[in-house]
Amino acid sequence: MTAGTLPIWARLTPVSLLRSIFREDRFFLILSVFIGIFSGLAVVCFRFSIEWCRIYLLGSGVSLSPMRLLLAPTLAGLVIAVLAIHVFPEARGSGVNQTKAALYIFNGYIPFKTAVGKFILSALAIGSGYSLGPEDPSLQIGACLASAIGRRLRLSRERMRLIAPVGAAAGLAAAFNAPISAVLFVIEEVIGRWTAGILGSVVLSAVSSVVVMRWFLGSESLFRIPVVEMRRPSELIAYSILGLVGGLASVAFSMGVGVLRPRFRQMAPWTQYFQPAVAGLLIGCIAALGAPQVMGAGYEFMDQAMHGQFTWQFLAILALFKIVATLLSFVSGTPGGMFAPTLFIGAMLGASVGGAEHALLPHMSGSPGTYALVGMGVLFAGFLRAPMTSVFMVLEVSGNYSIILPVIVANTLAYVISRTLQPTAIFDTLTRQDGLELPSMEELREENILHVEDAMRPPKGPLLEGSDPVEKAARLIAQGPHGILLVRVEPAGWYSLTREAIEALTAEGKGAEPLESALTDEPIPPLYPDQPLDMVLRYVDRWPLVPVVHRANQMKLVGVLTAREVLARYRNFGEE
Amino acid sequence: MATGSKGLDFLRDRRHEPVTLALLTLLAIVMTLAVTGLSRIYHGQQEALAVRWSARGVEDLKQQRFGAAVGEFRAALRYARDNDSYQLNLAEALLGERKTDEAYAYLINLWDREPENGLVTLELARIAASRGQTTRALRFYHNAIYAIWPGNQEEETRKSRLELIDYLLGIGAKAQAQAELIALEANLPEESPLQAHLGGLFLKAGDNEHALAAFRLALREDRHDAVALAGAGTAAFEQGRYLAAERYLKEAVAAAPDDVDSAARLATTETVLGLDPFRPQISAATRDRMTVKAFSAAGDRIRTCPALSGQPPHGRPDLVQQWNNLKPRVTEYGLRRNPDLVNSAMQLTFNIEQQTSGWCGAVTEADNALLLIAKLHEEH
């Protein structure tokens, strides 16, 4: 057997095998797995730290002493403020926007110190009872780690830009134990577009981080999912009411953040030292007054709400207090995430609305657990404005496809209401308050783009066939105002002929020859009406008149375009 | 700095990517080992806290300090969320606190995971019973009977069935209770207290025959069991077997002089036996004497009944007239001469007692006995 007849695998030498494995794109994929592993490990440690802070600051029991409830968040707030002002100023906020900023402004650069600060301050804040969650900080920690690895490996600028979202997906997936939702959220809210190049890396990092997290903390979800089902289509009416209420609550919550945050930040600089402490004291008061459930991430209470362990009236009170506590925590500049509070509010609101509906309309409403679950998605869609993630998150967390209809109906309604009453999404509001101008993912998703059909005009001029003689083309050019003619040559395609080209052919004595034999250029590649207008820019430089053809019959002309018309259309875009 | 930069450039060189990945792998292993150490500390602490809070909860549950127990089991569950035992204990504490809805939520979750768990199913049956959800309660009780129980499976199954029977008797479903009792009887050991309890339940279900059989089994083991004696007496009495009833009740009263019910039932039995001329194995003279006595008691009933004074309403037989007509012939002499008169005299006596029982208020011991005799002979 000669070398040429050997199978491919037999021809591989160790060196060629390594080269094949370590092609740059493949290397990046492998690197994504490592980013996932490191992020997963970091998130596991982060979870341990939060729990230890909670045990040592608030106590290990559930009946907490009022003194601890008041003192723990207050004193922790003082420490957090000092550290956030003097040591880790980048650690403030949720972390989502900082990751976006790394992608769009800082070429993927996030200082490692930010991860350390985020880790320490968020663990202290959440553990001491601030109404914040660990997901957004985990996202940022993952992004920071990825950025640090990328810098150490001196990755190219293009790869560096992509590496932060890869780490972000890993961090979020590990924190939320939901890889699909994490990938979707990062695509939907951080990157803003689907590209094959990044998707593989994001998925790999998310999956590997979840594997690591489950290795250490088990595969159980953050809350036990009750039996969820939709028995009758009429229940959709009840879920629509939940969507409506959730949408309004999202707007109130979002407006609260939008209005209060800048006011807190405008206060005298010395007040920054006390803002987290005062917020902590007020949250402690809420807890001491009978609602300790609002402290921390509150997953165990979401679990209890899903299993019908609170009355609907108390659930409504908890939702209200949680909004207040989260507003206080977030606008005071305490580092921590918005995911868990959003889910908490959604769960309480959902179970409350479900309970009230069940009391009033027992035949039209389902179990409170289902409502709580749908409610989470509703707030996610309405407040965080990530509609796709909100649907998939509920499906992934519940592992039950049967509730997709209520989820879609309620989430869509909440999203539309929130969008109508609060045009700017919360992440965009926060970005602008921070003085940054990052692309709005919501606007990107809904951005109108121009198509060929928006600029083309009907074909009015004379049209030549390939069989026509060159003389005919010369005659038409001489008679009319047309400087350019289109020629249809079957089956080759379309050509454009300028006055100069025709005159040259005539001068060469080819006047009697058919056009198809006289034409020597390549035909114009077909252009269709539904293609983006940007495509035309590749044509107009070479062909002054571009034919637009029918997709079903490429010999049928539906319009024509020139460079001037394309530019005029761009100039007018947005004015109409 | 230059050295460091050179080192980093080494990593950047694509020829050294395998080395880079090897270093990353090494780092991942080291970090994994470190996190494993932390994880052990973390999980150890969580486990210890769960055990500690659960132990406190169990102690408080035993002392019936349900409020404290609820908090403690909640804390235990915080560290061991899926521990079924803690959840069950919490549900019990919540039931003690009368937080039925919340307890139900925990129990139904446990039941979803372990539908064969007897303890959980029985608690769910109790909750359904307390909520008046009969169908659901019966379903859970039956599930509990055929569930898996820790410890003595047979005994727990028996207890569940006994509880179901109590529930059925409580809601007046005597036929269903009787069916369950027959199923219980087949698997019950012949221990005196158990058989006596079974007999009592049969009595409540109205199955006197099975009741008497159960009490007799109980007495086979302990002839002086006062409860079994009283139960057997009652069962025999209800069946109209007054001689047997008299025997059991006398022994019951002798064994438990404070048993007022048995004493009263014995008195009625003795009266019945003293007034029933149709009793087998009595002499003709005794029969005649009893007939006269019974007839005389019916006459007393007529005389003391205000509703019978004056003319009877249209359609009602004139019992006073009939009794007065028969009275001269109902003597011991008259009956001896005409034994067939016993039947006529007793028939009129029964008519008087049965009809006056609806109109004439409280009855005497003799009237009561005559009603029982009338019922007995109607049945036969």
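The model is a predicted one.

Chain B contains 19 helices and zero strands. Its radius of gyration is 38 Å, whereas a compact globule of 380 residues would have a value near 21 Å. Along the principal axes, the C-alpha atoms of chain B fill a box of roughly 145 × 50 × 35 Å. Of the 380 residues in this chain, 38% count as buried. Among the contacts in chain B with a separation of 6 or more, 48% are between residues 24 or more positions apart.

Chain B meets chain A through 28 of its own residues, which are in contact with 26 residues of chain A. On the side of chain B that touches chain A, at least two residues each are supplied by α1 (2-12), α2 (17-62), α3 (66-79) and α5 (100-113) of chain B. The largest share, 14 residues, comes from α2(B). By class, this side of chain B has 14 nonpolar, nine charged and five polar residues.

In chain A, helix α18 (residues 404-421) has 18 residues and should span 26 Å at 1.5 Å a residue; its end C-alpha atoms are 25 Å apart, which agrees with that expectation. The buried residues of α18(A) include A:P406, A:V407, A:I408, A:L413 and A:I417, and also A:N411, A:S418 and A:R419.

Conventions
Residues numbered from 1 in each chain as written. Chains lettered and ligands numbered in written order. Predicted model: local features only at pLDDT ≥ 70, side-chain atom pairs only at ≥ 80, totals over all residues. Helix = DSSP H or I, 4+ residues; strand = E, 2+ residues; numbered from the N terminus. Rg over C-alpha atoms; globule rule 2.2 N^0.38 Å. Buried ≥ 20, exposed ≤ 12 C-beta atoms within 10 Å, placed from the backbone. Contact = placed C-beta atoms within 7 Å. Nonpolar A, V, L, I, M, F, W, Y, C, P; charged D, E, K, R; others polar. Expected span 1.5 Å × (residues − 1).
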